Amino acid sequence: DWVATGAESAWNVRYKETGGTVWTEVPATTNPYTLQGLAFGTHYVAEVQADCGSGETSIWSESVSFVTTCDPQSLPYTENFDSYTTSSTYSDNNGIAPGCWTTYSTNTTYGAPHITSSGLYHYVNSGTNSMVFTCSSDGADAYAALPAFNQPLNTLSLNFWRAMENTSYGTLTVGYVTNLQDMGNSFVTVATIPSVSSTAGDTITVDFTDAGIPAAGNICFHWYKDGTYYSCCIDDIEVTLADGYTPVVADPTVA
């Protein structure tokens, strides 16, 4: 959506993939306007101009960037973060997350959970990269949600490695969110991960087959810091069907 600065009731919207050179332009007579036919898991930029009638238009607005949601991922799913070129700091406000992940944090000094490749408070289990959670004020929360999968949430099992800067400096919980745009309010805890007293880390398994867990939702990590500023790293993510569950296969459809 956008704020009209005149009396116009028609606009042109154009969009392209980030880094692309070819714009797609469509007329719009509603505000907000919904773009159709975008690709899954793709970064775009979009701009708007007013159609003032009689062939007159405004200049194009500044660009807004967004990324579309991802097609549900197949199993088994793995992520070790090593295929990304990232910042080497735990406090990068522009740090990236893996494709199709969603991250969010309530702290203002350090960025949302992101991939780090080296440096202070950088703990890894394999390779060179991990995802770091860092908070900067008492009570701050950080979230990292995995993509949706092509099997029900309540049939899945999650394996991951984690290491903390030190014991009792924060709490790592694993659960799920039902609204990626409101992770703080929609997060539900499935398991609270015991604190460790060493940065050597350990491997954790969380079973999502509890009867109270819905079929739809995204697996999510939540780091709550209850000290001055402390970090937690995760690595070597693996999502599989839990023991005893068989894949859900959709009925075939006729093209």
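Which residue in strand 15 is the bridge partner of tyrosine 176? The notes below concern a predicted model.

1. The bridge partner of tyrosine 176 in strand 15 is isoleucine 219. Strand 15 covers residues 218-225 and runs antiparallel to strand 12, with eight bridges joining the two.

2. Strand 12 also pairs with strand 13 (residues 188-193), again antiparallel, through five bridges. Within this pairing, glycine 175 stands opposite threonine 189 of strand 13.

3. Strand 12 itself spans residues 170-177, and seven of its eight residues are buried, so the strand is largely enclosed by the rest of the structure.

4. The disulfide count is one. The bond is formed by cysteine 70 and cysteine 100, with 1.7 Å between their sulfur atoms. The pair links distant parts of the chain, 30 residues apart: cysteine 70 lies in the loop between strand 5 (64-67) and strand 6 (77-79), and cysteine 100 lies in the loop between strand 6 and strand 7 (102-105).

5. The torsion about the S-S bond of cysteine 70 and cysteine 100 is about -85°, so this disulfide is left-handed. Cysteine 100 has 28% relative accessibility and therefore counts as partly exposed.

6. Cysteine 232 takes part in no disulfide; its nearest cysteine sulfur belongs to cysteine 233, 6.7 Å away. Cysteine 232 is buried, its relative accessible area being 0%.

7. Cysteine 233 is likewise in no disulfide, and the nearest cysteine sulfur to its own is that of cysteine 232. Cysteine 233 counts as buried, at 0% relative accessibility.

How values were computed. Residues numbered from 1 in each chain as written. Predicted model: local features only at pLDDT ≥ 70, side-chain atom pairs only at ≥ 80, totals over all residues. Heavy atoms only, no water. Buried < 20%, exposed > 50% of the residue type's maximum accessible area, 1.4 Å probe, protein only. Helix = DSSP H or I, 4+ residues; strand = E, 2+ residues; numbered from the N terminus. Pairing = 2+ DSSP bridges. Disulfide = S-S within 2.5 Å.
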